[in-house]
Structures are given as structure tokens and as C-alpha cells.
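Student: Could you show me how to read the features of a fold, one at a time?

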Amino acid sequence: MNLRISSFDEYKTAYEKSTHEPEAFWEEIADTFTWQTKWKNTLSWEFNTPNVKWFEGGKLNITENLLDRHLPERADQVAFHWEPNNPNEAGKQITYGELHEEVCKLSNGLKELGVGKGDRVCIYMPMVIESVVVILACARIGAIHSIVFAGFSSQALADRINDAEAKLVLTADGLNRGGKKVDLKTMVDEAISKCPSVQHVVVLDCINSNPTLNEKDIWYHELISNQSEFCIAEEMDSEDLLFILYTSGSTGKPKGVVHTCGGYMVYTAYSFQNVFQYQEGDVFWCTADIGWITGHSYIVYGPLLSGATSVIFEGIPTFPDPGRFWQVCEKYKVNQFYTAPTAIRSLMGAGLEYVQPYDLSKLKVIGSVGEPINEEAWQWYYKNIGNEKCPVVDTWWQTETGGIMISGLGDLSPMNPTHAGYPLPGIQPVLLDNEGNEIGDNEVEGYLCMKFPWPSILRTTYGDHERCKNVYFSNYDGYYFTGDGAKRDKNGMYRIIGRVDDVINVSGHRFGTAEIEDAINTNEYAIESAVVGYPHDIKGQGIYAFVVVDGGLKDDDEAIIESISVSVSQMIGKIAKPDKIQLVSGLPKTRSGKIMRRILRKIAEGERTNFGDTSTLLDPSVVEEIIDRAL
């Protein structure tokens, strides 16, 4: 199946058709997939409710398109090379034929446990091949998977299980991360003690830690041991739910973004092949975790739908040393490499002595994801990893969009450092001003919105459609609001400026300020808190917390700060720990009680004098005190 555009002129032709005849454009692409019953209506939509449906009436199973369809030609082709955390251990590989068998065996095992179409299944797993098997087994039987990043705390896991009312949890005894072994089973045990919907927990023996199994637990290997290697794929409607993925918003409770079977399938395959210019025989490596949307779309679904060979990496980029990424690229002769600016900046700081020993000559495309990449990191990446021969695809997209929206297309498109590039065919972005008028002028910053649906747009937020409407479709009538600010240059290339709402982008992972504040406020010392983002050399954005503590400022600040940090780790996970915690006696508030976060942002960014109009503050002296103690 080749959906790949092969020239920039062809891109312009495809883009023109996709905007003037969107239904005909996507019909041609959708026709290349296997449908059990063809759709009756290509698209119906309106953004006010919102209500978007693609390929209505179409029946399919996405696993038939990423496994069964490939078997006649690809049964013996490697689907995944698995690279372990420890480079001294042997890796593994799994072919398309073997992956099909493993998925069928687990599918039958899940059905034996009473899991069926429409049931929610929570996945809390390490970066191993079995994680892909688990995802696809859910999709094959029509169960809705909800993956929770295995760095989240037991409380965060419990919140997500409960919101989805998951019937079953799939996990491992633990995972390998650098020089550490992380216990996952205990985290799951703590979580499900608060989750009445969970009937079974399936446990993969990953680190041989010999955990105690409870009455709900069953070993993964025992569940699949006597299962058939054949399982009929459940017939799904194009608009049936495929998965729920929780993402942070500007309010405290994470929201479950819903993606459906047909449109997500069509768009992830199309975007994968075009952005990375993947060709037969290439080896693709996305370094993300499967717990994030990048892992869903560009480790699992997009590559497998395209019949690709990919790398799954268990480890981290700095273990056993900062040359690990490049050693893996050389080992598997990687052609397309996709990682985050945070990793690039971190490895850039380690020095070229960790790059130079490795042969990176097979690389054809190098990509960036998660946040805008700064020019210094872009230039280092282009010169030292791509050897000034590989295009950098600086991709912009979101959990909610399902796939890459704005990007270069391999070596077909012009490049401009710090600019994501052009919209993919089918994507119709606009920049709006405060009043909701479209901005035509070049280099004027506006709010990035979409005026037309694409196949993998989110359909709802699970169990709360009103929230979906309020967050994404109510800011500007008739538009999907991304929450990002952007500029467009004279050539039509987009540059993403960053979030304009109360969301902090830490190493490409979004955290709502309210979510972190809620965690801080559970601490015994905390009375009130305000969290803002600030520029961070490695992470892009760091988290700066201003915390009012019980009894005022004290001599034992360090103990209190550590206690607050632990509270965030316990409620959300270590990944959300504030980089800076400043104890304060009060927060800058208006007379109506609203915290003036713009002042706190400026202080966090290092500003000490220019705060604009502070006349509306209830107590302006609070600002001076915060400045005096600023970190």
C-alpha cells in the first residue's frame, strides 16, 4: 500500500484537491484499505455540538489492515526489532506472521476472561513487544484500550481506570529504566484497591521480580499458553471507539480523548508514509513511549498499517552513556529517526564524542515531536546527526488530532529552522485574532485553529461530551481551537509559538497547571498554590510552583519543599515534579480573588521590574516579597 506523495508539486496538487474536494480526496485513500462493508457516507460534520463522522456505515477491523492484509507478502518480514535497556543483552525481533499469532492468542485469552466489544481495558506496560500485542489484541476483539504511561503514579492510574470504568488491567511485574528496575505491580495493586470496575489483572513477567499474585491476577504467559493462534477479528463500525487516551487540560481532571476506528486508521497511515517518506525496506524508529499519542500513532498503528519495519527501544537515551541512540541507529541501520527536542538538547549538551563513533549514514529523515524545537538544537541535529543531508521534519500535532498536522514531508518540502512547515493534505489551519477574525497578514501571531475536520480528529472526551465542546470548540464559533499560538511566514510556513492556555509543555508532555496545583494542595503544609511554566534549557518548559504554606514561612523550608515535591510525585508521577518550588506568604491577587499569573510567569522567567499595571492587586507588597525570594 503506497500512499506516499513523491514531489512537492504533487503535494501542492494533493493539498488543492483535499481542500476543494475533501470527501473525494479521502475516499481514494480509504479505498486502499480492507473494509468488511464499504461506508455509505464519507463525512458528516458540524463543530458547534461537535459532531464529526467519517466513513459512516463502514465496517472494518483495524488489525486486519495492519496484520492479516500483510500476511501473504510479509509474514516473514520483521515488524519490530526490540532493543533492550541493557546493550549487553540480546535483542529480539518479531515478524508480521509471529505478531499475528501472538495477537490472536492474547485476543482469545482476553475473551476467556470475559472481555468483549466495547469493554475498556487499561494498559500500564513497559516498552516491550508484548505491549504492542496487548494493544492490538484489544483492537481485534473490539475492546477499547486506554494506555497509561508507566511513569504515572498509582493515584493517577486509579483516576484514569475509574474514569474509563476499565474492566481489566494489563501490566508487568516491573520495567527496566537505565540502571534501575521499577516496580509496576505494586503501583497497580495500590491503584485497583480504589477501582471497583476492575475484574482481572494480567501480569507480564518482565523483570523476574517474583511478585505476589492476588485473587484478581493472572500471569500473561499462563493466559496465552493454550490459546489458538487464530481469532476472528470483531466487526467494528468506522465510528466505534478504538481507544481513550488521557491528556492534561487547563482544569485539574485529565480528559479522556476518544479516537475511533476508521478515520484514525486512514489518517495515521497516510501521515506516516508522507511525513517520513517511508519506502519499502526502510527501518523506522520512533523513540516515544507507547503511553503517549506519538507511540500510539507512530510506533504501533501508522507503521504497521504501512507494512513497515520499526524499532522498539526499552531504554533511555543516556544509558549506559549518551551515545545510546546513535549506537542503536547504527545497529539497526535506521533510516527514519523520530525523537523529542528534550532528548536532542540533552544529547547536544553531552558532546560530539558520543556521536562520532557511530555510523549514521543510513539516516534519510530525522524528526522532532512534542514541542517547538529551538534553532540551536535544530542546527545541531541537522549538522551532527543528519550530516546536513537529512531533512528535519519538525512535526506539530496533538493527542486530540491523532496524527501529524503540520510538517515537512521528508526531503520534498522546503525547510526553515523553528518552522513546522506546511499543513498536510486535508488539514485546513487558520490564524485567528482575539475577536475570531482570520488573520491574513504574514508574521502576525494568532490563535491556531482548524476550520475543517480531518479523519483522525477527536470525537469526544470520554463520558463528558460537554467538556469536549467547551475545551476545543467553544472559543471560536465554527473552529477547532488547538490551544496554541502560531505565526505564518510570507511563504505560508507555520511557526508554532506555544500554548496560550494554562498548560505547561514539559519535555513534550502536557500538564495542566490546575492538575499540579491540586496535587500540591493535598500536602499537609500547603494552603494554596500557583504553578506556571518558564523557559528550561533541556525540557523546553520547566514547572515553577509558588506555594503558600501553613503558618507562614519557616526555617525548615527544605523539608517542606521536599514534602511538596513528594506529594506531586504521588498524585501524578515524578515526571510532573516542579523544577522550582518557592514558598511564599501570599499570591498576587486582584480584589476579586483572581491570581495574576502573568506576574508570576514574569518572575519565573527572571523579570524583576516590569510588571505592567498592578493597581488592581489587593496587596501589591506581595509581589515585592516574591521577587526578593525568587529562585
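Predicted model: local features only at pLDDT ≥ 70, side-chain atom pairs only at ≥ 80, totals over all residues.

Student: Let's begin with the open sheet of seven strands. What is the order of its strands?

Tutor: In general, strands of a sheet pair through backbone hydrogen bonds, either parallel or antiparallel. Here the order is S5-S4-S17-S16-S18-S19-S20, and the pairing is mixed. S5 (92-95) and S20 (392-394) are at the edges; each has a single partner strand, so one side of each has no neighbour in the sheet. From one strand to the next, the twist averages 20°.

Student: In which sense do S18 and S19 pair?

Tutor: Strands S18 (residues 336-339) and S19 (residues 365-368) are parallel, with four bridges between them. If you look at Phe 337, its bridge partner in S19 is Ile 366.

Student: Which strands does helix H11 lie across?

Tutor: Helix H11 (residues 293-305) lies across S4, S16 (283-286), S17 and S18, and runs at about 165° to S16. Helix H6 (residues 129-141), in turn, lies across S4 (78-83), S5 and S17 (309-313), at about 30° to S5.

Student: How should I read burial along a helix, and which residues of H2 are buried?

Tutor: An α-helix has 3.6 residues a turn, so residues three or four places apart point the same way. In H2 (residues 22-30), the buried residues are Pro 22, Phe 25, Trp 26, Ile 29 and Ala 30. Viewed down the axis of H2, they fall within an arc of 130°, so they line one face of the helix. Their cover includes helix H1 (8-20), strand S2 (51-56) and helix H10 (261-275).

Student: How much space lies in the second largest pocket?

Tutor: About 500 Å³. It is lined by 28 residues, of which Trp 82, Lys 92, Val 128, Cys 206 and Glu 314 are the closest to its centre. Among the elements that each supply at least two lining residues are S5, H6 and strand S10 (180-183).

Student: What about the backbone angles?

Tutor: Most residues other than glycine have a negative phi, and most peptide bonds are trans. Here the peptide bond from Thr 49 to Pro 50 is cis, with omega near -10°, and another cis bond joins Phe 319 and Pro 320, with omega about 0°. Phi is positive at Asn 208, near 55°, and at Gln 277, about 50°.

Student: Is Gln 277 buried or exposed?

Tutor: Gln 277 counts as buried because its relative accessibility is 7%, under the 20% limit. Asn 208, at 61%, counts as exposed.

Definitions and conventions:
Residues numbered from 1 in each chain as written. Heavy atoms only, no water. Pairing = 2+ DSSP bridges. Axes fitted to C-alpha atoms, helices over the stretch in contact; angles between N-to-C directions. Contact = heavy atoms within 4.5 Å. Buried < 20%, exposed > 50% of the residue type's maximum accessible area, 1.4 Å probe, protein only. Arc of directions from axis to C-beta. 1 Å grid on protein atoms, 1.4 Å probe; cavity = no way out; pocket = protein on both sides within 12 Å on 5 of 7 lines; lining within 4 Å. Points joined across faces, edges and corners; volume = space filled by probe spheres on them.
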